[in-house]
Structure formats: structure tokens, C-alpha cells
Amino acid sequence: MNEMIAPRARLVASRSRDLAISAIKEMSIRSAQIPDAASLAWGLPSFRTPAPIRAAVAEALESDFSLGMYTLPGGLPEVCETVAAAHEYRTGVRVDAGKNVTITAGNMEGLNALFGVLVDPGDEVIVTDPGFVSHISQIRFNGGVPVFWKMHEGRGWEPDIAELPALIGPRTKAIVLVTPSNPTSSILSEATLRAVAKLARAHGVLVILDDPYSQFTYENRAQYFNLASLPEYADTIVYLFTFSKCYAMSGWRVGYMVMPAALRAEIVKVHDLTMICTPRISPLAAKAALEGDQSHLADFERTLDRRRHLICERLDRLGHVFQYIRPQGAYYVFPRVMITHDDDVAFAHRLLDEAQVTVTPGSAFGPAGKHHVRMAFCVEDDVINQAFDRMEAYFGT
Ligand SMILES: Cc1ncc(COP(=O)(O)O)c(C=O)c1O
């Protein structure tokens, strides 16, 4: 045993050794080993990449001589132009395709490159608590310190802007926001977002908007506000959009960043160092996605809304086990565990081992997630029903 540990201890850097695998992936890996587990662990929608995108890719495979070649690290100019046009259409803000836009291999890669650019050892990045588990790990992996800004369950998971100034210090580099949120699915209010931007600019820190879920807001669309639509904050904001969820393209690994020009020059270096370029086929698929028919967005949202109602109904029947805030957007629900349990990790492991239902322990998303679990309702209705049938049998109704 010692022989196995010794070389690992010597060879592996502490930043990797100290890195825990994401709780979402850990539960998904465990779940895959249990035949017939009903998994609500992974936010991977059940949808297929829409047909027009697949057709555009099939056509490019045949006709594009350069398809198998590298692109420049910032992305193909024609794709950056399409992104700039789409960004202007969605936010009203005109950006320079060559100076402000970069194509990423999804928001995970974009964020990692961004933290690589921003964070010196010991620098701080503010994240919401709870917030997306991988942000926390990426900040730490890049030598930074995540600083938690609490979202208050009693206020529908809205953070208190009055608590933010005390978290901003001389080492603060950025504030990361996700709206609608993962894992709470709450939508940040426009007032909060504007106040964050104002504070950030006053302190010379960036606001990083990680946007996988803005297309999924159900009856709350009017509540959603895109901070990237304020041109006066263009120098303060980095906006990351991913095609993973709303275009069902998670396996294509593609997204884009809109950011101040000085930062883009830095990002391009890190992006190049990591992967040279996004695999060429994926930005072409993304271009087709932005230029093509968008009717699938309403279909996806309608299906997710039906699943949101379903999971809320099923949770209501298990009120003695879970209490939850109704999701406003995205496709997660983050209930508090009401029955006696040691901690949410042990609870999630037991639920999988004894009831064959997979959820993600809430503490992975930050200290405020303790005694909660995250359930993703982007899976088929049958999976939601099977998970809750099993939980009803396990806990009793
Ligand atoms: C908040 C957040 N950011 C980023 C990602 C990953 O996005 P991508 O597939 O573009 O890397 C996810 C996926 O669940 C997410 O929830």
C-alpha cells in the first residue's frame, strides 16, 4: 500500500492532490455502477442536438476542406462575427468581433482560462454560496481563494447586497454570478445585479457572468436581467455563454466569451496553451445554431417546465423528507433534508445504495448547501417518476 502511495505523494502536485473530483461527477460515477439507478445528479438535458445544427455539420464535413485543421486560438473570424451579431441582438450591446470575442470549449474551459489569467496565488474570487461546485475548484486549482457570498434560503435564495462590500478586499479579482443559478435555480434581481456591477466597478474588480441557463426562465422571464446588456459596464464584465444546455450541445464543447479587449489578449495566450483552439467543427456547429431556427428553445423550455411541475408535485408528497424553494429557472431544485441524517454526503450515498436514487450532496456547492441535496429535473419524466416512486417506498409518504 505504502509503495503505491509514496510515488503518488512525491510526483503529484498538491494543487491536484488537494482537488476533489466534482461531487456531481462523483455521484454520477457511483450511479453508473449501480444497475438501474434513477439519477437526478447530472444537469445533462435529455435533448438531442437540433436537426438543423446536425445538418450544417454534416454539410461542413463534406464540403469544408479545412475542417480538420487548427483555427487561430481566439476562434474563426466568421464565427466571432456571428457571435458579435448574436450578442448585439440579445443584449443590445455592440462589440468588436476581433477584439472582444473569444470562442471557448464551453464555459468550463473559458472560466478556467479566465481564472488562469486573473488569479495570482492568494488572490480572492467571490462566488455565491451555494454556487456552482466547479467554480470553487477552478479558483483553488489556479491558486486562488473562493470567498463565499451567502444566498439566503429564507429570501428565496437571493443574496443580500449589503453583505457584499465587506467581502471585497485588496486581493479581490472578480465576482462570479450565475443567473438563473446552479444549484438553486433562483433568478437574481435586476437591482442586485446593478448594485453588484456598481460596486465591482468602484473597486476595480470584474463581474464574471457564467450563462448556461438564461433561456430557461418559465413564467419568470420578465424577472431575468442580463447585466451584459449595460454598455456602461463593458469594461467591468466578462460574459460567458455556452451552447451546452439550450442548444443541447454539451458534448460539442463550445461556448463564447465577450470581454474587455485587454483581457482577450491574455485569454488567447492561455487558451492556446491549453488546447490551441476549440475543435474546429464545434464553432461551426455553434455558428449554425446561432444563425438557424430557434424554435427548439421554446420546445425545450416547455418540456423542462412540465418536468419542473412534476418534480415539485412529487416533492410536495414527500414534505416530511424535503422542503424546497420553487425553482424560478434553470432545471435544478435544491431541497433541505428534513429527516434526521448525519450529513448530506452520507444521506446521498445511502439514498443511492439503499433506494437506487442519485442526487448530489448540497455541501459540495458551498457551506450554505449543507443539509441540502441538488436534484436535476432535465432528465426524462420517467426517471423523475421512478426516483420519487422509490423515495416514497423508502421513506414512506
Ligand atoms: C454554472 C455552470 N457553468 C458552467 C457549466 C458547464 O458549461 P460548459 O458545458 O459550457 O462547459 C455548467 C454545467 O452544468 C454550469 O451549471
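The exercises below, each with a worked solution, concern a predicted model of a protein.

**Exercise 1. Overall fold**

Determine how many helices and strands the protein has, and how its radius of gyration stands against the globule rule.

Solution. 
- Step 1. The secondary structure consists of 14 helices and 15 strands.
- Step 2. For 397 residues the globule rule gives 21 Å, and the radius of gyration of the protein is 21 Å, so the protein is as compact as a globular protein of that length.
- Step 3. The C-alpha trace spans about 60 × 55 × 50 Å along its principal axes.
- Step 4. Of the 397 residues, 46% are buried.
- Step 5. Among contacts with a separation of 6 or more, 71% are between residues 24 or more positions apart.

**Exercise 2. The ligand shell**

State how many residues surround the ligand and how the shell divides into nonpolar, polar and charged residues.

Solution. 
- Step 1. The ligand is surrounded by 13 residues.
- Step 2. The closest of them are G106, N107, M108, T242 and S244.
- Step 3. Sorted by type, the shell holds four nonpolar residues, eight polar ones and one charged one.

**Exercise 3. Helix α12**

Solution. 
- Step 1. The buried residues of α12 are H296, F300, L304, R307, R308, I311 and L315.
- Step 2. The spacing follows a general rule: an α-helix has 3.6 residues a turn, so residues three or four places apart point the same way.
- Step 3. The other side of α12 carries the exposed residues S295, A298, D299, R302, R306, E313 and D316.
- Step 4. The packing partners of the buried residues of α12 are β10 (322-323), β11 (332-333), β15 (373-376) and α14 (381-395).

**Exercise 4. Helix α11**

Decide whether helix α11 (residues 281-291) is mostly covered or mostly uncovered, and name the elements against which its buried residues pack.

Solution. 
- Step 1. Nine of the 11 residues of α11 are buried, and the helix is mostly covered.
- Step 2. These buried residues are S282, P283, L284, A285, A286, K287, A288, A289 and L290.
- Step 3. They pack against α4 (51-63), α5 (77-91) and β2 (101-104).

**Exercise 5. Backbone features in loops**

Solution. 
- Step 1. P130 sits in the loop between β3 (124-129) and α8 (133-141).
- Step 2. P183 belongs to the loop between β6 (172-177) and α9 (190-203).
- Step 3. D36 is found in the loop between α3 (23-32) and β1 (38-39).
- Step 4. Within 10 Å of D36 there are 6 other C-beta atoms, and D36 is exposed.
- Step 5. The loop between α13 (344-355) and β13 (357-358) contains Q356.
- Step 6. Q356 has 18 C-beta neighbours inside 10 Å and counts as partly exposed.

**Exercise 6. Two buried residues**

Classify T217 and A200 by burial and list what each touches beyond four places in sequence.

Solution. 
- Step 1. T217 lies in the loop between β7 (206-211) and β8 (237-242).
- Step 2. A residue is buried if 20 or more other C-beta atoms lie within 10 Å of its own. T217 has 20 and is buried.
- Step 3. Leaving out residues up to four places away in sequence, T217 touches P180, I187, Y224 and G329.
- Step 4. T217 and N182 are 35 residues apart in sequence, and their C-alpha atoms are 13 Å apart.
- Step 5. A200 is part of helix α9. With 23 C-beta neighbours inside 10 Å, A200 counts as buried.
- Step 6. Under the exclusion of residues up to four places away in sequence, A200 touches I175, V205, L206, V207 and T236.
- Step 7. A200 and A174, 26 residues apart in sequence, are 7.8 Å apart from C-alpha to C-alpha.

Key. Residues numbered from 1 in each chain as written. Predicted model: local features only at pLDDT ≥ 70, side-chain atom pairs only at ≥ 80, totals over all residues. Helix = DSSP H or I, 4+ residues; strand = E, 2+ residues; numbered from the N terminus. Rg over C-alpha atoms; globule rule 2.2 N^0.38 Å. Buried ≥ 20, exposed ≤ 12 C-beta atoms within 10 Å, placed from the backbone. Contact = placed C-beta atoms within 7 Å. Near = placed C-beta within 6 Å. Nonpolar A, V, L, I, M, F, W, Y, C, P; charged D, E, K, R; others polar.
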